[in-house]
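Hi,

Here is the model I said I'd pass on.

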Amino acid sequence: MDKKSFIKYLRTLGIEVHTTTKARGHQGFFCNNRIDISKNIPEHRIMPTLLHEFAHYIHYQLEPDMPKNGGTIEVLFKSDNPIISKELFKVTNFVDENSLCVRLTEHRARVQDKILEYDRIIKKSYPNFLRSKKFKEFEKYIKKSDARYLLKYDRVKVMGGFFKFTPKIYTINTIEECFPNMPEAFAAYIRLKSNTRKQSKISARINRLNKYYKRPTELFARFIEGLYLDREWTETIAPYTCERFYKLLSAGYYGRLEDIIK
């Protein structure tokens, strides 16, 4: 079945299909019996994306609350066997390499290395320094310095007081220029705090992505994509799930999805 035939078939089911929108910033989007496919995706991604969104439609028939709660594996496969979720995530990693979070994980590792580097610099002057405890010597030094603003932000503009109309700009990269008398250990501590903030933000983003990719409805949609892209490989990495899926499919559990799979 080609793209045009599939879209025509979807419309016979009462599904609105739009291929000239931005799909709310995604490749595709399903909501209320409507499928939007982004006009910006490459041709080879249109069919997999249509199938992905159609899988959401099928899931919606099984669990009407799916858009709110992400659905459940128990309803999708009539089983609570944990191996299903594990196999589905393997398929997701195959279908969408972004789910591996490789770049983010590498970025976090580089930031962690920076934190350790600054930790070593600080300990050269303060051997008892611990990141988990207050750095009293630093706090005493920083109290009346504009450098304290860099503990929360990597770049700040500080307005002058009375009769000082020119603002001062401080950045995490120009600490030595802005504060030439600051000890090396204290400059390292400010940069350590900056990288700690970065690490937290990266970890939070990875957690958000993992939460998204592991939603049952997303796992199911990418499973259907996997069967389209490479059925043999999908069956190899998800044997139990495929066996369960085909059994339910042949029994009519997934409704019109059976027509498409066949």
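Three strands form an open sheet in the order 1-3-2, with mixed pairing (two strands pair if DSSP finds at least two bridges between them; strands are DSSP runs of E, at least two residues, and helices are runs of H or I, at least four, numbered from the N terminus). Strand 1 (16-21) and strand 2 (28-31) are at the edges with a single partner strand each, so one side of each has no neighbour in the sheet. From one strand to the next, the twist averages 15°.

Before going further: this is a predicted model, with local features needing pLDDT of at least 70 and side-chain atom pairs counted only at pLDDT 80 or more, while totals for chains, interfaces and linings use all residues. Residues are numbered from 1 along each chain as its sequence is written, and side-chain values use heavy atoms, with hydrogens and water left out.

Back to the sheet. Strand 2 pairs with strand 3 (residues 34-38) in the antiparallel sense, over four bridges, and Cys31 sits opposite Arg34 in strand 3. Arg34 also has a salt bridge to Asp36, at 2.7 Å, N to O (a side-chain nitrogen of Lys or Arg within 4 Å of a carboxyl oxygen of Asp or Glu). Asp36 counts as buried because its relative accessibility is 8%, whereas Arg34, at 30%, counts as partly exposed (buried is under 20% relative accessible area, exposed over 50%, partly exposed in between, using a 1.4 Å probe and protein chains only).

Elsewhere, strand 4 (residues 155-158) runs antiparallel to strand 5 (residues 168-171), joined by four bridges. Val156 and Val158 make up the covered face of strand 4, Arg155 and Lys157 the uncovered one. Val158 stands opposite Lys168 in strand 5.

The structure has 10 salt bridges. One of them joins Asp119 to Lys123, with the closest N and O atoms 3.1 Å apart; these two residues lie in helix 6 (residues 102-125), four residues apart, about one turn of the helix. Asp119 is buried at 8% relative accessibility, while Lys123 is partly exposed at 34%.

What about Arg222 and Glu218 in helix 10? They are four residues apart, about one turn of the helix, and form a salt bridge with the closest N and O atoms at 2.7 Å. Arg222 is buried, at 6% relative accessible area, and Glu218 is buried too, at 7%. Asp96 joins Glu218 and Arg222 in a network of salt bridges.

Cheers

Terms used: Axes are lines fitted to C-alpha atoms, for helices over the stretch in contact, and angles run from 0 to 180 degrees between N-to-C directions.
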